[in-house]
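Here's a quick tour of one protein model, written for someone new to reading structures. Have a look at it first, then we'll go through a pocket, a surface patch and some salt bridges.

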Amino acid sequence: MLTLVFLAAIRFMNTKFGRYSSATSLAVMSAWLYAIDGSQGNNKRLFTQRLYALNQAAEHSAFSKVNETRLVANLPTGLLNLRNTCYMNSILQSLFCVKGYSDSVRNGTWNFKADSVGWELKKLFESMHTASTQEMKMAISPRQLAIKLQIDISQQEDAEELMLKILNEVDDSCVPAAKGKKKSASSQALQKIKPSAAFEMELEQTIRCLKFDHASSTKTLTNFDLSVDIKGHPDVYKAIEAHFVPEQLVGDNRYRCAQHGLQDAEKSYTISKFPRVLAVHLKRFSFDPATYSMKKIIDPMDIPVELNLRAFATQTPVDKTAGIYSLSAIVVHEGSLDVGHYYAFAKIPLSVYEKGAARAAGVYSSDRYVWVKLNDQSVSMVTEEEVLQVARGLRRARTTNTVFQRLMDNDTSTNAYLLFYSQLD
């Protein structure tokens, strides 16, 4: 009788809290198994074995919740949330969908050290690619990669910091391909290109002395993303534009010129090399001097589908498409500074057959692609209008008016946090 009660409880929680169904079921069943076996002092090994088996079943037999799976054959599959790993899943799913990076990891000219981060990411991307071609999609566990990344699944971390960590550690995992016949000059050049090259942006920093009007210092900085302040800016382009406004180095912040000592100066940045994939980090979490604490910036911000950054180039690029980008993926943060959830949107190319199917389903975005929402193991097609509306920013409606609820809802919202733009072909 008690077993039936526990099974009914599991079914109710799976229905009520779909996103956390695996974790909920595991928690309930763990308690039940302990009630059965834990009280029997000589039977703890059986309890441990059952718990391990249940955990494996939760990871390896869960199906992705994919809406209309027959419409689009190459929809990506979902990733299981290991506990508090939504931030990791949203980054992995975005990197998998962004044109250029996944292919360079799976089919690039580099090999990876055995049991390294790059090795595990390649295996995960291979599994995700295989699953995306199947009609009945299985959600995949990223556990082995999480172990290699030393992810603490008991707490949530920052998604942007994890993205940079993955890009760097995958590059560090690279080893040259096995020696064979002599390679051509072009093959040798490709051999030097690591997976992160898709994100590589070069900025030229110039510090100019205002009194003597000469460039005192010029150096090149390499970044994998563009991190911009968003407070007070109505859209992403304005935030990027403000990022490139020259900074005045005056007063206590004066620059020490090699020829003339401390001088008022101007520091500016230009883009000397555009990346193939532009990652824009929107600084949603910032220090509030009024309260001496960190807060989430919840101001709405328009997200352009296309972005032209050629005005910020060091020199006008010869390539007419350099610096012109199309939105391809978004990592969204839902919640507040202290409590939140990450998920992603990604743009998926369509075949000729799939265009008609997507149009019939009402999620047709253009003649080239469809948008999908990647929320851990749940994958669904959405309209571009919905994507842009969510990314712009949504406030959560307050259901009660208690002091606690007012405090919790003060900075709670759903907003874009990371944007991925692909350079136009």
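Predicted model: local features only at pLDDT ≥ 70, side-chain atom pairs only at ≥ 80, totals over all residues.

Residues are numbered from 1 along each chain as its sequence is written, and side-chain values use heavy atoms, with hydrogens and water left out.

**Salt bridges**

- A salt bridge here is a side-chain nitrogen of Lys or Arg within 4 Å of a carboxyl oxygen of Asp or Glu, and searching the whole structure turns up ten.
- Arg-106 pairs with Asp-103, with 3.5 Å between the closest N and O atoms.
- Those two are about one helical turn apart, because they sit three residues apart in helix α5 (helices are DSSP runs of H or I, at least four residues, and strands are runs of E, at least two, numbered from the N terminus).
- Asp-103 is partly exposed, at 44% relative accessible area.
- Arg-106 also meets Glu-126 in a salt bridge (3.7 Å, N to O).
- Glu-126 belongs to helix α6 and Arg-106 to helix α5, so this pair ties together parts 20 residues apart in sequence.
- Arg-392 and Asp-302 form another salt bridge (2.7 Å, N to O).
- Arg-392 is in helix α12 and Asp-302 is in the loop between β13 and β14, so the pair links parts 90 residues apart in sequence.

**The largest pocket**

- A pocket is an open set of points on a 1 Å grid over the protein atoms alone, where a 1.4 Å probe fits, with protein on both sides within 12 Å along at least five of seven lines; lining residues have an atom within 4 Å of a point.
- The largest pocket is lined by 25 residues, and Cys-97, Lys-99, Lys-347, Ile-348 and Pro-349 lie nearest its centre.
- Elements giving two or more residues to that lining include α4, α5 and α6.

**A surface patch**

- Phe-287, Tyr-292, Met-294 and Leu-337 make up a nonpolar patch on the surface (patch residues have over 30% relative accessible area and no salt bridge, and nonpolar side chains are joined within 5 Å, like charges within 9 Å).
- Phe-287 sits in strand β12 and counts as partly exposed, at 47% relative accessibility.

Conventions: Areas by Shrake-Rupley, 256 points an atom, 1.4 Å probe, with all protein chains shown as cover. Buried < 20%, exposed > 50% of the residue type's maximum accessible area, 1.4 Å probe, protein only.
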